[in-house]
Amino acid sequence: MTRILVCDDDAMISEALQEVLEAEADLTVVAVARTAPEAVELAERHSPDVVVLDVRMPGGGGVHVARELRHRRPEIRVMVFSAHADPATIVEMRHTGVTEYLVKGVPNAEIVDTVRRLGRGPFGEL
Amino acid sequence: MPDSAFQLLVEGVVDYAIFMLDPDGHVVSWNSGAERIKGYRAEEILGRHFSTFYPQEDVIAEKPRRELESAVADGRLEDEGWRLRKDGTRFWANVVITALFDRTGRLHGFGKVTRDMTERRRAEQELLERRRLVTHLVEAQELERRRIAWDVHDDSIQSMVAVGMRLQLLEGRLPEEHAGTVRRLDDAVRGAIARLRALVFRLRPPEIDRHGLVRALTEYLGDVAPGWGLTCTVQDGLEREPPNDAAITIFRIFQEALANVHKHARASTVQVTLSTEDHGTLVEVADNGIGVTAIPAVQAGLEHFGMLEMRERAETSGGWWTFADRPGGGTAVRFWLPTTVP
């Protein structure tokens, strides 16, 4: 079972995300964060396998969260799920070790596949 | 020229008040221009002190006396300021006072030439005011666009993304006969999201501050032109970077012109040419499409809303906008904005 933390300040998006992910038998959402500090705190508390992260969030944004997680919990995988596809943000995220960057509006299947792949870890293990 | 002819000339000049003062500043001669500008007839003013022409605050500050002293010290004095007419109304005057010395170096009096500059000053101030208003207008428009872009981006698009995600979930739970309907709904939502994103992209502020106008135009072309199947070239003949508000207006008109090429022209190439001309910036957006007279809306005599907007933007900024068929085929949109102070 892949354990996921959803981070998005927009309730409609985070609820929809939660529903999409929970619909899969092998995925479970362990917590939902609305702000960047909350995301860091919940990640430390729940130790999820994957964090689904919005870029624009109150309290420092997704970049802050990714940076903190890389420092405190390098084993957690991050998938950015953002309305922004501007190259500067993508580069900034890449510097924090984020490799998966999905733009909001992609099909649900793509979200599920990416989260599942990240959950398997770097060597495809469960 | 005999003295009498010279005197006739001076007396006949109506655009300038030309008169003489004695060494103490009393009026000793008067011409038609002085009468026209200041409103006194010769018999009313001869013998009176020239401080009569100055507003009270200048008299209190002893400006008339100081001006005569400066003229004596430097030979002449030029000043611009308010003066009074006989009826007490003010006019903006350009005044030259020349000290007149005889051969022995004794002060003989002063020659005074006054021009009424009120109209010119008003025109200059109107121009300044107009430029200030245009700057405000451009700023306000940009602010409004930014607000709309944020609202669409943060609210409308997010909501529709969430709706799309739920529609896909629903589709997976429905039997096939109903799933198709939901799939089409999801497609419609996705199309709307793409269009809203394009809108946000068009509304976002151009990054002119950082790298200048030409770079902002080139980058915008690089972003949108490939998707529209357009090959673009930019010719930069600018000698000076236009000021920011003019650059923004140019960018917005260019954006609209390019959108029109995409929507109506059926073109494959666009050439953008910028040059500094006639104290302003001239821009041409030329395509190789079907030409303006072949566009149905233009044929029907309807001016497209975008065209009106482009023209209005240019004219509000004190410039002009036009479009026409190119001799070799296609359409050329040309516009000019004043961007430097003459």
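Reader: Is Trp82(B) buried, partly exposed or exposed?

Author: Start with a count of neighbours. This is a predicted model, and the count is computed from it. Trp82(B) has 14 other C-beta atoms within 10 Å, so Trp82(B) is partly exposed. The cut-offs decide this: a residue is buried at 20 or more and exposed at 12 or fewer.

Reader: Where is the place of Trp82(B)?

Author: Trp82(B) sits in strand β2 of chain B, residues 76–84.

Reader: Which residues is Trp82(B) in contact with, leaving aside its neighbours within four places in sequence?

Author: They are Pro55(B), Arg90(B) and Trp92(B). Now look at Asn94(B). Asn94(B) lies 12 residues from Trp82(B) in sequence, and their C-alpha atoms are 8.9 Å apart.

Reader: How many helices and strands does chain B have?

Author: Chain B holds 12 helices and 9 strands. Of its 342 residues, 27% are buried. Take the contacts in chain B between residues at least 6 apart in sequence: 56% of these join residues at least 24 apart.

Reader: How do I read a sheet?

Author: Start with the general idea. Strands of a sheet pair through backbone hydrogen bonds, either parallel or antiparallel. Then follow the strand order. In chain B, an open sheet of 5 strands runs β5-β6-β7-β9-β8, with mixed pairing.

Reader: Which strands stand at the edges, each with a single partner strand?

Author: In chain B these are β5 (231–237) and β8 (320–325). Each has a single partner, so one side of each has no neighbour in the sheet. Neighbouring strands of this sheet are turned by 10° against each other on average, direction ignored.

Reader: In which sense do β8(B) and β9(B) pair?

Author: β8(B) and β9(B), residues 331–338, pair in the antiparallel sense over 6 bridges. Find Phe323(B): opposite stands Val333(B) in β9(B).

Reader: Which strands of this sheet does helix α9 of chain B touch?

Author: Helix α9(B), residues 213–224, packs on the sheet and touches β5(B) and β6(B). Its direction makes about 175° with that of β5(B). Helix α10(B), residues 244–265, lies across β6, β7, β8 and β9 of chain B. Helix α10(B) runs at about 10° to β7(B).

Reader: What is the strand order of the open sheet in chain A?

Author: The order is β2-β1-β3-β4-β5 in chain A, and the pairing is parallel. β2(A) (27–33) and β5(A) (100–103) are the edge strands, each pairing on one side only. Here neighbouring strands are turned by 25° against each other on average, direction ignored. Inside the sheet, β3(A) and β4(A) pair over 4 bridges. Leu53(A) stands opposite Val80(A) in β4(A).

Reader: Which residues in α2(A) meet α3(A)?

Author: Ala36(A), Ala39(A), Val40(A), Ala43(A) and Glu44(A) do. Among their partners in α3(A) are His64(A), Leu69(A) and Arg72(A). The residues of this contact divide into 6 nonpolar, 2 polar and 3 charged.

Reader: How many residues of chain A are in contact with chain B?

Author: 12 residues of chain A contact 13 residues of chain B. On the chain A side, helix α1(A), residues 11–22, gives the largest share, 5 residues. That side of chain A divides into 7 nonpolar, 2 polar and 3 charged residues.

Technical notes: Residues are numbered from 1 along each chain as its sequence is written. Chains are lettered from A and ligands numbered from 1 in the order in which they are written. This is a predicted model: local features need pLDDT of at least 70, side-chain atom pairs count only at pLDDT 80 or more; totals for chains, interfaces and linings use all residues. Two strands pair if DSSP finds at least two bridges between them. Helices (H or I, at least four residues) and strands (E, at least two) are DSSP runs, numbered from the N terminus. Axes are lines fitted to C-alpha atoms, for helices over the stretch in contact, and angles run from 0 to 180 degrees between N-to-C directions. Two residues are in contact if their C-beta atoms, placed from the backbone, lie within 7 Å. Ala, Val, Leu, Ile, Met, Phe, Trp, Tyr, Cys and Pro count as nonpolar, Asp, Glu, Lys and Arg as charged, and the others, Gly among them, as polar.
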